[in-house]
Amino acid sequence: PQTFNTSNVTRLCPDAQCLFAFYGGETAYHKYLIVLQFFNLFMFFWLANFVIALGQVTLAGAFASYYWAFKKPDDMPAFPLFSAFGRALRYHTGSLAFGSLILAIVQVIRVTLEYLDHRLKAADNKFAKFLLSCLKCCFWCLEKFIKFLNRNAYIMIAVYGTNFCTSARNAFFLLMRNIIRVAVLDKVTDFLFFLGKLLIVGSVGKCWGLGFSLGAGGFLP
C-alpha cells in the first residue's frame, strides 16, 4: 500500500485500487466468503456423485446388453462398455444430474450438522446435543437409503431408458415386492465383492513381491 501510488499502475489505469483479501474485511468478497465456501463444497459433492452415477449407469448398461441379448455374442455390441458410456452421456445426463443433486443436498446437510455439532461441543445444552444427534442419525440413514435407491434407479435407467423419477419409483416398488430376495442378494454380492477385493489385492501383492525378488536377485553376486 505504501508504494502503490508511486508505481506506474496509477498512471496506466487511473481507476485501479489496491485491495487486500483477508478474513474480516468489508468487501463483497468477504461478506459472501462463507457462502462461496459452501457452494464449492456443494459442487464437489454434486460432481463426485455425478461421476459415480455415470459409472454405475455405464456398468449397468454393459451388463444389460449382455443379459438381454438373445444370441450371444451376435446380438451384443462390439464394445459394450463404450456403447453404454455413450448412451449414458447422450440420453441420461439429466437423470444422473438430478439423482446426484438430491444426494448432494443431503450430504451438505450432514456436513452442516457436523459443523454445528463441533461448535456446540463447548456448550452445556443437553437438549440441543440430543436433537442434533437425532438429526445426524436420521440424515445418515436417509443418505444410505438414497444411495441404495439411486443405484437401483440407475439400473432401471440403463435397462429401460426412463427418466430418474419413473426409474426410482419402479425400482422402489420392485424392491418392495422382492424385499427378502433383495436382502439376501445384497449380502451375497457384498461378500463376493469382498472376495474379489481380496483376490485383487493378493494378486497385486504377490506380483509386486515376485518382481521385487527378481529385481533384487539380479544385483546379487
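Leaving aside residues up to four places away in sequence, Val57 touches Ala88, Leu96, Tyr154 and Ala158, where contact means heavy atoms within 4.5 Å. The model is predicted, with local features requiring pLDDT of at least 70 and side-chain atom pairs counting only at pLDDT 80 or more, while totals for chains, interfaces and linings use all residues. Residues are numbered from 1 along each chain as its sequence is written, and side-chain values use heavy atoms, without hydrogens and water.

## The largest nonpolar core

The largest nonpolar core has 13 residues, of which Val57, Leu96, Tyr154 and Phe164 touch the most other members. Such a core is a set of buried Ala, Val, Leu, Ile, Met, Phe, Trp, Tyr and Cys residues joined through side-chain atoms within 4.5 Å; buried means under 20% relative accessible area, exposed over 50% and partly exposed in between, with a 1.4 Å probe and protein chains only.

At least two residues of this core come from each of α3, α6 and α7. The greatest contribution, five residues, is from α3. Helices are DSSP runs (H or I, at least four residues), numbered from the N terminus.

## Packing of α6 and α7

Helix α6 (residues 126-160) packs against helix α7 (residues 164-177) at about 110 degrees, and their axes lie 8 Å apart. The pair is therefore roughly perpendicular, a class covering 65 to 115 degrees. Among the contact residues are Tyr154 of α6 and Phe164 of α7.

## Phe44

Phe44 belongs to helix α3 (residues 33-67). Its relative accessibility is 53%, so Phe44 counts as exposed. Between Phe44 and Ala104, 60 residues apart in sequence, the C-alpha to C-alpha distance is 8.6 Å.

Note on methods:
Axes fitted to C-alpha atoms, helices over the stretch in contact; angles between N-to-C directions. Parallel < 35°, antiparallel > 145°, perpendicular 65-115°, else oblique.
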